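Here is a short tour for anyone meeting this structure for the first time. Have a look at the sequence and the 3D view, then read on.

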Amino acid sequence: MSKIENADLVCSRCGDETPHELAYAGRLLVKITCTRCGKTIERDLRSEYLADLSHRVATKPRRMLRRLSRHPLTFAGTLPKSVSAKPMELLSDLKLVWSAARTPSHDD
Ligand SMILES: [Zn+2]
């Protein structure tokens, strides 16, 4: 599963320091949510995530991106064992990164 950590950060909507949930995919911070007002900041980290993943599997990000876009469901299963030992965790990370990238940041 993607990691969720908690931290007190200043929320621009609340104008105060509030508890936030930080959602990580691997070591990348993908999504920040204010637990008081629900304000969410999401980042498009698809290229960063693939670059990070590619360091672990020693393959080219462009090739991985092509494989992922063609066969998203089997992508995790094609990775070396060192990376795909936890396929559900990887899929969860991918889901988080991709859903955050699809949602425009609603920073009002
Ligand atoms: Zn807030």
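## Contacts along the chain

Take the contacts in the protein with a separation of 6 or more: residues 24 or more positions apart account for 36% of them. Keep in mind that this is a predicted model.

As for burial, 18% of the protein's 108 residues count as buried.

## The overall layout

Follow the sequence along and you get the pattern β-β-β-β-α-α-α-α-α.

## The sheet

The four strands make an open sheet, with antiparallel pairing and the order S1-S2-S3-S4. Out at the edges stand S1 and S4 (40-42), each with a single partner strand, so one side of each has no neighbour in the sheet. From one strand to the next, the twist averages 25°.

Let's go through two of the pairings. S1 (residues 3-11) pairs with S2 in the antiparallel sense, over nine bridges. One spot to look for is Ala 7, whose bridge partner in S2 is His 20. These two strands, S1 and S2, form a hairpin with four residues between them. Sitting in that turn is Gly 15, with a positive phi of about 65°.

At the other pairing, S3 (residues 28-34) and S4 also run in the antiparallel sense, over three bridges. Here Ile 32 has Ile 41 in S4 as its bridge partner.

## The nonpolar core

In soluble globular proteins, nonpolar side chains tend to be buried together. So which residues make up the largest nonpolar core here? That core has 12 residues: Ala 23, Ala 25, Val 30, Leu 45, Tyr 49, Leu 50, Leu 53, Leu 90, Leu 94, Leu 96, Val 97 and Ala 100. Strand S2 (16-25), helix H1 (46-57) and helix H5 (87-102) each supply at least two residues of this core. The largest share comes from H5, with five residues.

## A closer look at Leu 96

Which residues is Leu 96 in contact with, leaving aside its neighbours within four places in sequence? They are Ser 2, Ala 23, Ala 25, Val 30 and Lys 31.

Note on methods: Residues are numbered from 1 along each chain as its sequence is written. This is a predicted model: local features need pLDDT of at least 70, side-chain atom pairs count only at pLDDT 80 or more; totals for chains, interfaces and linings use all residues. A nonpolar core is a set of buried Ala, Val, Leu, Ile, Met, Phe, Trp, Tyr and Cys residues joined through C-beta atoms within 7 Å. A residue is buried if 20 or more other C-beta atoms lie within 10 Å of its own, exposed if 12 or fewer, and partly exposed in between; C-beta atoms are placed from the backbone. Two residues are in contact if their C-beta atoms, placed from the backbone, lie within 7 Å. Two strands pair if DSSP finds at least two bridges between them. Axes are lines fitted to C-alpha atoms, for helices over the stretch in contact, and angles run from 0 to 180 degrees between N-to-C directions.
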